[in-house]
Amino acid sequence: MRKSVSVAAIVAVVTLVFTLARAADKPAVGKPAPEFSLQSQDGKTVKLSDYKGKLVVLEWTNPECPFVKRHYEHKTMNTLADEYKDNDVVWLAINSTSNATSEANRKWSEQAGLSRPVLDDSKGTVGRLYGATNTPHMYIVDKGGNLAYIGAIDNDPDGSRDSGKVNYVKKALDELLAGKSVSEPETKAYGCGVHYAE
């Protein structure tokens, strides 16, 4: 009886240690953004470190997701990316969908009128590294390489708000460009779940 209790206690402690270790490794606002290297839709290697000293917006995307489709029909992402491209702001779309390919990303980027990289993370390595759960799921990396914002693109999951709409990414970029801290650094991401490879 004592032996089984001891084994159970050891298993519980080991499980707790691993859980705490995973939580400690999870990206968080104020912590360094994990480095990555992925292929763009045109076959170029893109590294986060290539953009050191700039603000970097990371957008987890899936062209088949209705939430993503709505934002691209309304030009939410394209308009915002274009608005800030001359302010040392880089926008990278990352597709962690398991069946995504660079060719499919290329076709979608042409159809959606994207002038920025769409990165192939079909293995899900980078998505899991960042803890991306939804499409869209937004991250902003500050000029020092730390995460400054994690969450939703805005406060309008249904796309039905007529008033009180806040674009969290735009608000955060404006604050960072003004030399301020992000006033709302974390929000709850909404959209489709990321379809990771098993």
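**Entry 1: helix α4**

I began with α4 (102-111), whose buried residues pack against α2, β4 (89-95) and β5 (118-120). Contact here means heavy atoms within 4.5 Å. Helices (H or I, at least four residues) and strands (E, at least two) are DSSP runs, numbered from the N terminus.

A note to myself: this is a predicted model, where local features need pLDDT of at least 70 and side-chain atom pairs count only at pLDDT 80 or more, while totals for chains, interfaces and linings use all residues. Residues are numbered from 1 along each chain as its sequence is written, and side-chain values use heavy atoms, with hydrogens and water left out.

Which residues of α4 are buried? I found N105, W108 and S109. They cover an arc of only 100° around the axis, so they sit on the same side of α4. The arc is taken from the directions that run from the helix axis to the C-beta atoms. On the face turned away from that buried side I noted the exposed residues E110 and Q111. Buried means under 20% relative accessible area, exposed over 50%, and partly exposed in between (1.4 Å probe, protein chains only). After α4 comes G113, with a positive phi near 70°.

**Entry 2: strand β4**

Next I looked up β4, and seven of its seven residues are buried. V89, W91, A93 and N95 point one way, while V90, L92 and I94 point the other way.

I then checked the neighbours of β4. β3 runs parallel to β4, and six bridges join them; L55 stands opposite V89. β5 is also parallel to β4, with three bridges, and V118 in β5 is the bridge partner of A93. Two strands pair if DSSP finds at least two bridges between them.

**Entry 3: helix α2**

In α2 (residues 66-73) I found V68, R70, H71 and Y72 buried. The buried residues of α2 pack against β3 (55-60), α3, α4 and β6 (134-135). K75 follows α2 and has a positive phi, near 60°.

**Entry 4: α3 beside α6**

How do I describe two packed helices? I use the angle between their axes and the distance between the axes. The axes of α3 (residues 76-84) and α6 (residues 168-177) come within 11 Å and cross at roughly 10°. That makes α3 roughly parallel to α6. Angles under 35 degrees count as roughly parallel, over 145 as roughly antiparallel, 65 to 115 as roughly perpendicular and the rest as oblique. Axes are lines fitted to C-alpha atoms, for helices over the stretch in contact, and angles run from 0 to 180 degrees between N-to-C directions.

L80, E83 and Y84 of α3 meet V169, K170, L173, D174 and L177 of α6.
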